[in-house]
Amino acid sequence: MKSRCTCLLFCLSLASISFATASSANESGEGYIKMFDKKLEEAQRANACKERLRRLEPPEPVKLQDPPFLPEGAFPSVVLPINEIVQTGKKLPYRTIVSLTSYQRPAYEEHWHSTVGRWSYMPNRIHYALHRLFTAYDIGLSSWYDFEHNIGLSIPMFQNEKSLDLYIVAFQTEVTQVYTKGNQVVVVGKPKRTGAVAITIKTGDLEPANKAEPLLVQLATTSGDEIDYSLIEFVPPDFWNKQNEQLKKQERKKDA
């Protein structure tokens with residue numbers, strides 16, 4: 001009887017030890033899982049911070065000229081004085097598509113935050129803050145999307161298939177006239193503390209001296225002093241017709 005009791009107590013003790021060991025192992029396993037999850041979360045946060053930093057600034061300290069995305073020597077080979085263009089150049093018709101006389105440029109937009117990434121690169125942000133004149137064509141949805149988000153202003157897009165528009169956006173200026181000569185376009189206006197205006201001119205009205213060189217678009221006062229400038233390539237007025245012809249050729253090849 002005594003040996004049976006001893007055996008029973010031994011079995012109970014063994015069972016208790018096994019249960020305690022298993023319980024301890026489960027707790028230890030859960031602890032490892034929690035610790036692993038924590039380390040993984042920390043690593044993900046660190047990688048996210050590195051990626052945000054990469055979107056904000058160059059990888060190494062460096063001096064960048066303005067604008068940061070154009071090579072040196074991007075100006076036309078011949079640049080005439082503004083007054084000469086106004087006096088002897090061609091007066092261009094233009095269409096005002098945005099006129100916000102009381103518009104105040106924001107110092108910062110939500111979509112410029114590093115968590116968004118696409119428009120947070122600081123050299124670009126500084127470039128756009130430095131300038132008051134910007135130019136664009138409506139020849140690519142992605143580039144147009146970037147253009148609007150970079151300047152912080154929504155502009156109607158027309159995509160005229162027979163006559164391409166050059167879009168010119170000027171801040172803090174009341175535009176009064178537009179002239180052209182050679183590879184230059186001069187937008188004359190009166191400086192103001194506030195305001196935003198977007199105008200369009202037809203590329204068919206331009207007669208660049210060298211179509212392979214960029215256009216120099218200048219924002220100037222009525223007395224001929226330059227306020228700001230923008231460089232953009234010349235795109236012929238039949239751009240969309242050529243694009244449509246190219247698409248039709250590709251479709252004919254597929255059907256053949």
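Which glycine follows H4, and is its phi positive or negative? I looked that up first: Gly 152 comes after H4, and its phi is positive, near 75°.

**Ground rules.** I am working with a predicted model, where local features need pLDDT of at least 70 and side-chain atom pairs count only at pLDDT 80 or more, while totals for chains, interfaces and linings use all residues. Residues are numbered from 1 along each chain as its sequence is written, and side-chain values use heavy atoms, with hydrogens and water left out.

**Overview.** I found 5 helices and 7 strands in the protein. Helices (H or I, at least four residues) and strands (E, at least two) are DSSP runs, numbered from the N terminus. Read from that end, the order is α-α-β-β-α-β-α-β-β-β-β-α. The protein has 256 residues, and 33% of them are buried. My cut-offs: buried means under 20% relative accessible area, exposed over 50%, and partly exposed in between (1.4 Å probe, protein chains only). I also checked contacts, meaning heavy atoms within 4.5 Å. Of those between residues at least 6 apart in sequence, 72% join residues at least 24 apart. Accessible areas come from the Shrake-Rupley method with a 1.4 Å probe, and for residues only the protein chains shown count as cover.

**Helix H4 and Gly 152.** H4 covers residues 141-151, and its buried residues are Trp 144, Phe 147, Glu 148, His 149, Asn 150 and Ile 151. Their cover includes H3, strand S3 (133-137) and S4. Back to Gly 152: I found it in the loop between H4 and S4. Gly 152 counts as buried because its relative accessibility is 18%. Leaving aside neighbours within four places in sequence, Gly 152 is in contact with Tyr 103 and Glu 109. I also noted Tyr 108, which is 44 residues away along the chain, with 9.1 Å between its C-alpha and that of Gly 152.

**Ser 163.** The loop between H4 and S4 also holds Ser 163. Apart from neighbours within four places in sequence, Ser 163 is in contact with Lys 202 and Pro 237.

**Gln 172.** I followed the chain into strand S4 (residues 165-181), where Gln 172 lies. Gln 172 is not a glycine, yet its phi is positive at about 55°. Its relative accessible area is 23%, so Gln 172 is partly exposed.

**Surface patches.** Patches are made of residues with over 30% relative accessible area and no salt bridge, with like charges joined within 9 Å and nonpolar side chains (Val, Leu, Ile, Met, Phe, Trp, Tyr) within 5 Å. A salt bridge here is a side-chain nitrogen of Lys or Arg within 4 Å of a carboxyl oxygen of Asp or Glu.

- The nonpolar patch I looked up consists of Met 122, Ile 126 and Leu 130, which together have about 290 Å² of accessible area. Met 122 lies in helix H3 (residues 122-130), and a relative accessible area of 37% is why Met 122 counts as partly exposed.
- Lys 248, Lys 249, Arg 252 and Lys 253 form a positive patch. Lys and Arg count as positive, Asp and Glu as negative, and His and the chain ends are not counted. The place of a charge is NZ of Lys, CZ of Arg, CG of Asp or CD of Glu. Lys 249 lies in helix H5 (residues 239-255), and at 46% relative accessibility Lys 249 is partly exposed.
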